[in-house]
Amino acid sequence: MTRRQKLRFKVPRDSTLKTARAWAIKEFAMSLWHYASKAWARKGWERWLS
């Protein structure tokens, strides 16, 4: 996302809507693909969900 798009999405992202939470989960899950190790990705996922 561009900087402008991120700023426009700040309010919905920070809300308590279920769709905002689903978006946050999706974004974080996409970042797990960049981990070098499956074990580290699993630890990151478990820590984020807790």
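Tutor: D14 is partly exposed, because its relative accessible area is 47%. Here buried means under 20% relative accessible area, exposed means over 50%, and partly exposed lies in between (1.4 Å probe, protein chains only). This is a predicted model, where local features need pLDDT of at least 70 and side-chain atom pairs count only at pLDDT 80 or more, while totals for chains, interfaces and linings use all residues. Residues are numbered from 1 along each chain as its sequence is written, and side-chain values use heavy atoms, with hydrogens and water left out.

D14 sits in helix α1. Helices are DSSP runs of H or I with at least four residues, strands are runs of E with at least two, and both are numbered from the N terminus. Helix α1 covers residues 3-14. D14 and A24 are 10 residues apart in sequence. In space, their C-alpha atoms are 9.4 Å apart.

Next, a charged pair. Side chains of opposite charge can pair when their charged atoms come close. E27 forms a salt bridge with K26. That term means a side-chain nitrogen of Lys or Arg within 4 Å of a carboxyl oxygen of Asp or Glu. The closest N and O atoms of E27 and K26 are 2.5 Å apart. By this rule, the count is 1 salt bridge. E27 counts as partly exposed because its relative accessibility is 29%. K26, at 40%, also counts as partly exposed.

Now helix α3, residues 38-49. A side-chain oxygen of S37 comes within 3.1 Å of the backbone nitrogen of A39, at the start of α3. The helix has 12 residues and should span 16 Å at 1.5 Å a residue. The expected span is 1.5 Å times one less than the number of residues. The end C-alpha atoms are 17 Å apart, which agrees.

Finally, the whole chain. It has 3 helices and 0 strands. Along the sequence the pattern is α-α-α. The radius of gyration is 13 Å, well over the 10 Å from the globule rule for 50 residues, so the chain is more spread out than a compact globule. That radius is taken over C-alpha atoms, and the rule is 2.2 Å times the number of residues to the power 0.38. Buried residues make up 10% of the 50 residues.

Methods:
A polar contact is a pair of N or O atoms within 3.5 Å; within protein, one must be able to donate a hydrogen and the other to accept it, and residues adjacent in sequence count only if both atoms are side-chain atoms. pLDDT is the predictor's confidence in each residue, from 0 to 100.
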